[in-house]
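Have a look at the structure first, then read on.

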Amino acid sequence: MHYEYQTVPQACQSNTERICGVQDGATDVDPDLIAEQRAIAFRCRRGHSILRTIRRGTLLGIPIAVLLCCWTGDSLHFMIRGASSPFQRKAEFWCNAHSDDPDLWIADVAGAPVQVKVLTYNLEWWSLFEQLGGLGGSAGKLIAAAGKPQPFDIMGFQECQDPFRVLTDAGLLPRYTAVQGAAGLCFAYMTASWTALAQGEEFVGEDQPGQYFGKRSAQWVRLQHKTTGKVVFFVNHHGPLTVNSGGICGGKATAGNLLRLLARSAVHGDSIVLLGDFNADANSETVLELAKRLYKVYAGVSYGGVDNIFSNVKFSQEAQNLGGGGSDHSALAAVIDIAGSPMPPATFPGVPLGTTTVTTTTFTSTTISSTTFTSTTVTPVTAAIKIA
């Protein structure tokens, strides 16, 4: 979902909240997003009135237009090319590549251990659903197949316009709570295992002019595990274009904005999972900066490996590339062990297990519902990160 206001017809629709993607019941949405929407609606109504007056050719139209434009502090072309955005005025903030990006923390793993199975999946909605009609629910079927025998705890989707449709296709809707974000981002979590403590979304970057679709956000939710009390801070992100550029601000600034979101909205000790289509591969400044403060759990291969999973939890296993299911991106899955040492494979999320040591790495190829994916049991992550 994009935030382009290039012309009056685009900006001035009757339902500004709809075109901006804010859903009923959303909580903790960036207040600048709401301010932008209200400003657009107000200016559009005034702009339409002015343009109607000018088209009628009345002598009074021109002086009124000039007066109103001067009153708002904008010139007449603002009515034609779109309202200036609070996010554009805030560009100096998010383009400021701070050298003092916040240090994070290793997750607090004290107490009963638990495994968390996560998914990231760019659904390529415009093609898979709008052009191809969903291909018979192919994306949902892929998720359902990969969720056996161990279901997903938390799933993050990019280029997502209706998470309920995806979960319905997977036959999983009754078991999950789904949230539609404001910028084509959606997440879902298993209702029986997790309680949402807080959630929100904010912009962290913006596309370059040569491939411009708008501002890019990070959608987050803070979840508490009902059995163990462990807390996961889950962030779903779709990064700015062009690929590996980091957008207009560059990769360091985009990574810095993500890190500041984590430090500001999570609570010290939370287990962090940051995933999505970053539009940035392993050699990009964005990924390299994030990897200084988070463990890189897994990466895909689509577009050079722009889909990534990061965490501050030391141990993970069973990383899977699930294939595209009709999308141009492969879905990725991983199991995060919130424990003092690696845990054996679980059969169901939310069941605390005794810990054991996993020292081998194995690769197996499995075919499920005509979808081939690779399953990897990974050894504990050992990369050094900066911690508070």
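How many disulfides does the structure hold? Just one disulfide (a pair of cysteine sulfur atoms within 2.5 Å) turns up. Keep in mind that this is a predicted model, where local features need pLDDT of at least 70, side-chain atom pairs count only at pLDDT 80 or more, and totals for chains, interfaces and linings use all residues. Residues are numbered from 1 along each chain as its sequence is written, and side-chain values use heavy atoms, leaving out hydrogens and water.

**The disulfide**
- Cys-160 and Cys-186 are joined, S to S 2.2 Å.
- The link is left-handed, with -100 degrees about the S-S bond.
- Cys-160 sits in the loop between strand E2 (154-158) and helix H10 (163-170), and Cys-186 in strand E4 (residues 185-190), so the pair ties together parts 26 residues apart in sequence. Helices (H or I, at least four residues) and strands (E, at least two) are DSSP runs, numbered from the N terminus.
- Cys-160 is buried at 0% relative accessible area, and Cys-186 is buried at 0% too; buried means under 20% (1.4 Å probe, protein chains only).

**The sheet**
- Six strands make an open, mixed sheet in the order E5-E6-E7-E8-E10-E9; two strands pair if DSSP finds at least two bridges between them.
- Strand E5 (194-206) and strand E9 (295-299) are at the edges with a single partner strand each, so one side of each has no neighbour in the sheet.
- E7 (residues 231-238) and E8 (residues 271-277) run parallel, joined by seven bridges.
- His-238 stands opposite Asp-277 in E8.

Conventions
Buried means under 20% relative accessible area, exposed over 50%, partly exposed in between (1.4 Å probe, protein chains only).
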